[in-house]
Amino acid sequence: GEVLKNLNKFYKRKEIQRLGAENGLDARLFHQAFISFRKYIMESSSVSADLHIILNDICCGFVLLGHVDDLFPFFLRHAKQIFPMLDCMDDLRKISDLRLPPNWYPDARAIQRKIIFHAGPTNSGKTYHAIQRFLSAKSGIYCGPLKLLAHEIFQKSNDANVPCDLVTGEERLFANEDARQAPHVACTIEMCSTNTPYEVAVIDEIQMIRDPARGWAWTRALLGLCAEEIHVCGEPAAIDLVTELMYTTGEEVEVRNYERLTPLTVLDYALESLDNLRPGDCIVCFSKNDIYSVSRQIEARGLECAVIYGSLPPGTKLEQAKKFNDPGDPCKILVATDAIGMGLNLCIRRIIFNSIVKPTVNEKGEKEIDSITTSQALQIAGRAGRFGSSFKQGEVTTMHRDDLVQLKEILSEAVPPVKAAGLHPTPEQIEMFAYHLPDATLSNLIDIFVSLSQVDGMYFVCNIDDFKFLADMIQHIPLNLRSRYVFCTAPLNRKEPFVCTTLLKFARQFSRNEPLTFDWLCRHTKWPLAAPKNIKELVHLEAVHDVFDLYLWLSYRFMDMFPDAVLVRDVQKKLDDIIQIGVCNITKLIRASQSAAAPGTAEVVSEEFPLSRTQKDARAVSDRHGAASTEALSIAVEAAGLRRAKNLRASRLGGRQEDLKSHGRGSLANRLLREGLLTQEMLRQLESEWQDQHRNGRYGFGSKRDDQHSSKETRKKRK
């Protein structure tokens, strides 16, 4: 007991904590090291003689001979055994010092670049003017956030007789038949070269420099591109940060402001019913569940609709957009996620927000459910009434009346300024860390790097959860560090088990030095595949498309090991056509899914962030398509997901704060009713089902006979 008391006294000493910090032990490491040190002393049968003598002197109260501070050298020795990096902390701190990112790009610093910021809202012509300069230059590079945008500029340039190559993570297309590099290139921003000199560079959607996961790519392009002129396009909210960053490189920023080219009106009334839809309407949903439900209800009314959401292949998205835009096509309604916010040219008359709450991932990688930001709302709403389309002005409203007031407030607020730019450790930095810590796993190396990294106030380290997830997943596979790093940066959705399993198989075969052939991939994906018969099969086809993307991405990094890129690209195009057939028949797939077993349906359509708001309209059509019970089950699944959600941000001004406070009051059922996540009809059905379960004394649904037996037993007990 005396030993433990003195150890705890040692732990609480401010002087000891200060000494720990000087030796590289921050509060977290200090605590972990102490727990281990205490366990070693209390449980070890062979404590070293010198430590035993010190402990004896302290515990016996020999003040002149021993003091708890004398334990520090032994504590530090133990800490270095469990945290080897403490021996090379100075070197590691130098490697992870991220305070001067401009110095990482000596080629860019060697020239004086001219920075032009084209600032304005969606549909203001800002990108158009930057692209005109790109086309007139002797050489140029366009950097965009999406493959679709890079494809569009690639097409536009070559149509204008300006030879332009395309470079994305999964694809390389050359303007010249002999595969000579053209003077112009359109690429996704992660793929831009910081070594090639250009006359003009265009960086699109610069506000994404604040993105918690991808912001580092915009920072790298802005600081590192070797171009005489850098044309930056995006929201005015990024002007101050870009100006500050360029001040550190000694470059001035010229700002050109643009106004929206067509008027955008926020309507004074909500849609309230799908019976009120008009040609040119686009309903924006924030979950696949809503996409399925809304599209089915629309087609139950005898209307055709196009469907666009994030996990669809680019080719399918373009086909759906083409169908919606075609004046001769009977499809006049679009149901989409916020994937339409950028990358697609759409002829939309009116944007209708099905919900104004959406899933987000914050800077720490934590998942939240929150009201959409002003920036997101403006980006989506701005798609209505595109300049040059058949609709000369745009309109925006909500599906539900109670959302409209909040949407107006969101749209009227100023977009908060972008405060910081993202950074990400480079492969070289991680390799240097590995040299000093040869026994650490890649996931641990990244953790140590982030914990030691020092950043200037204008920067932040992007969250590396996806990277760490993949690093842990393939840790047991023997790979060299550079190859392991590449596999961990592969662009995949970790919520797709089939894609994750495939990456694991790719890595395992790669480690055995066995090339991944087209035949192997066909066996793994069971290609050829048939058109989907239900939603579950459609979702699987989308995952297979992602697997082909993954193969193509790896083929550009390990050509010898992934040798059949041409064949894979051919079958991927065929798969795109099959997925298009499925999306065109999406309501048939939904009906097939809902007529199958209920548990399967819930599994197919539920997401990590379900946010269905469409059930208010379901009552009007439930008799027609018999989906009420399925939707009730879906809502129940969704309500459970909401328990983990944080409250809507209380940062909105004035009366809106009171509205948000009221959302937190009352029972869960009342809150879900108020927020439109539950209808009275659904509530009654859930109550009925719960009562059945309660009577049965279990979580399953009993038969009528079981219920009668249970009632008799209850009556007997009462007597």
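Residues are numbered from 1 along each chain as its sequence is written, and side-chain values use heavy atoms, with hydrogens and water left out. Because the model is predicted, local features need pLDDT of at least 70 and side-chain atom pairs count only at pLDDT 80 or more, while totals for chains, interfaces and linings use all residues.

Aromatic rings make a friendly starting point. Rings of Phe, Tyr and Trp (its six-membered ring) are paired if their centres lie within 6.5 Å; planes under 30 degrees apart count as stacked, over 60 as edge-to-face and the rest as tilted. The structure contains 18 aromatic pairs. One of them joins Phe10 and Phe75 edge-to-face, with 5.5 Å from centre to centre and 70° between the planes. Phe10 belongs to helix α1 (residues 2–12) and Phe75 to helix α5 (residues 72–82), so this pair ties together parts that lie 65 residues apart in sequence. Helices (H or I, at least four residues) and strands (E, at least two) are DSSP runs, numbered from the N terminus. Both Phe10 and Phe75 are buried, a word that means under 20% relative accessible area, with exposed over 50% and partly exposed in between (1.4 Å probe, protein chains only).

Phe506 and Tyr551 also form an edge-to-face pair, at 6.1 Å centre to centre and 70° between the planes. This pair links distant parts of the chain, 45 residues apart: Phe506 is in helix α20 (residues 497–511) and Tyr551 in helix α22 (residues 535–555). Phe506 and Tyr551 are both buried. Elsewhere, one aromatic cluster is formed by Phe10, Tyr11, Phe30, Phe34, Phe37, Phe72 and Phe75.

Rings can also have a charge over them, which here requires NZ of Lys or CZ of Arg within 6 Å of the ring centre and within 35 degrees of the ring normal. The charged end of Arg172 sits over the ring of Tyr556, 4.0 Å from its centre, and Arg557 lies over the face of Trp553, 3.8 Å from the ring centre.

Glu199 is part of strand β7 (residues 197–203). Its relative accessibility is 16%, so Glu199 counts as buried. Leaving aside residues up to four places away in sequence, Glu199 touches residues including Arg133, Lys138 and Glu228, where contact means heavy atoms within 4.5 Å.

Finally, the cysteines. A disulfide is a pair of cysteine sulfur atoms within 2.5 Å, and the count by this rule is zero. The closest cysteine sulfur to that of Cys305 is in Cys331, 6.5 Å away and therefore too far for a bond. Cys305 is buried at 5% relative accessible area, and Cys233 is buried at 0%.
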